[in-house]
Amino acid sequence: MRSLSFSLPALVASVCSGVVCAQSTPSEFAELSFQDLLDVDIQESSREQTGNWRMALQFKAVEFDGYMQGDSDLSLDEVLFTPGEEARTQSNFPVLPTVIDQFATIANLSYQYDWGLTVGVQLPFIRQLTDHISVVPGYDHFLISSDGIGDVVVNARWLAYATPEYRVWLGGGLSLPTGSIDETGDTPRAPGEQQLPYTMQIGSGTYDFPLEVSWQTLGAHSFTIALSAMIRSGTNDRHYRLGNNYEVSSRYRFQVSPVVGLQAGMDYRHTDAIHGQDDEITVPGNFAYPASITNPALYGGDKVSLMAGLSTQLGGGMTLSVDFSKPVYQHLNGPQPKEVWRAGIQLATMF
């Protein structure tokens, strides 16, 4: 096995809400959901005085394994092109990622300016490992990794309407293109270091806009439904932009005791394909894409996921939350790697 690692060894978490994405780039994996910020607000609903600071650190992991086209599973043999045994098409490739693991750690600092307005900033650190097989001599089985600081997000949440029974929140922000889109590595495309595919780039390279509206009930049994989007702008200096994301998420929470809560939920997410193309990751000839992850049209799709989680107050203003989610339906622009599971753990405090 050929193991390649570059950039600083960072492993950092994000606040992407147990959200499900079609084959996600590291930047998409590390996107913040305002839904996560509401989780601690429910636990701390009695602390609504002006001047509250909140710090949170979330560690998150997701794994992709296997392929889908539409809602049909594909075997690796169906996606891997084998010379002499079959014709090359637009749906088989000489290089094939097999298992993709993404890890993120996101540090979040927010300030409750007054009872109804909170502003914050998130700093993600991201690491991705991708295992490959190929028919290229010397690269029959190899591993590539990339890591570094992702796109920094600044945001604000406003309590638009409140009663003793429920609240309505509006959220908006700006994602800054601080993450690298110039990660390189040794691939079968050519000798030496080359530009890596979209899945190995740490940032989006564009200014993006997260938006959300949430409706939240209060009490021992609470329910939240949120509509959110990540809207991309322009194109980056590699002549592409990631697809917009649109999501509907729901959470039911039950307070088992004054300090322990359980939650369950369902998420639906639609992700657009990548617009434009990084020509540096293509090859000459009739088949420009050596791997599915180099074709911008083979990103995006629809996904439904179920999640479960637990949160507990540790004392001293600290709250610990863990969650696990698994897709129950995927319809992907493929052939595309499919998500298997994702999990997260978050530690937060208000002071």
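Q: Are D278 and R238 buried or exposed?
A: This is a predicted model, in which local features need pLDDT of at least 70 and side-chain atom pairs count only at pLDDT 80 or more, while totals for chains, interfaces and linings use all residues. Residues are numbered from 1 along each chain as its sequence is written, and side-chain values use heavy atoms, leaving out hydrogens and water. With buried meaning under 20% relative accessible area, exposed over 50% and partly exposed in between (1.4 Å probe, protein chains only), D278 and R238 are both buried.

Q: How far apart in sequence are the parts tied together by D278 and R238?
A: The two residues form a salt bridge (a side-chain nitrogen of Lys or Arg within 4 Å of a carboxyl oxygen of Asp or Glu), their closest N and O atoms being 3.7 Å apart. D278 lies in the loop between strand 16 (275–276) and strand 17 (301–315), and R238 in the loop between strand 12 and strand 13, so the parts they tie together are separated by 40 residues.

Q: What relative accessible area does D182 have?
A: D182 pairs with R238 in a salt bridge whose closest N and O atoms are 2.8 Å apart. R238 is buried at 15%, whereas D182 is partly exposed, its relative accessible area being 42%.

Definitions and conventions:
Helix = DSSP H or I, 4+ residues; strand = E, 2+ residues; numbered from the N terminus.
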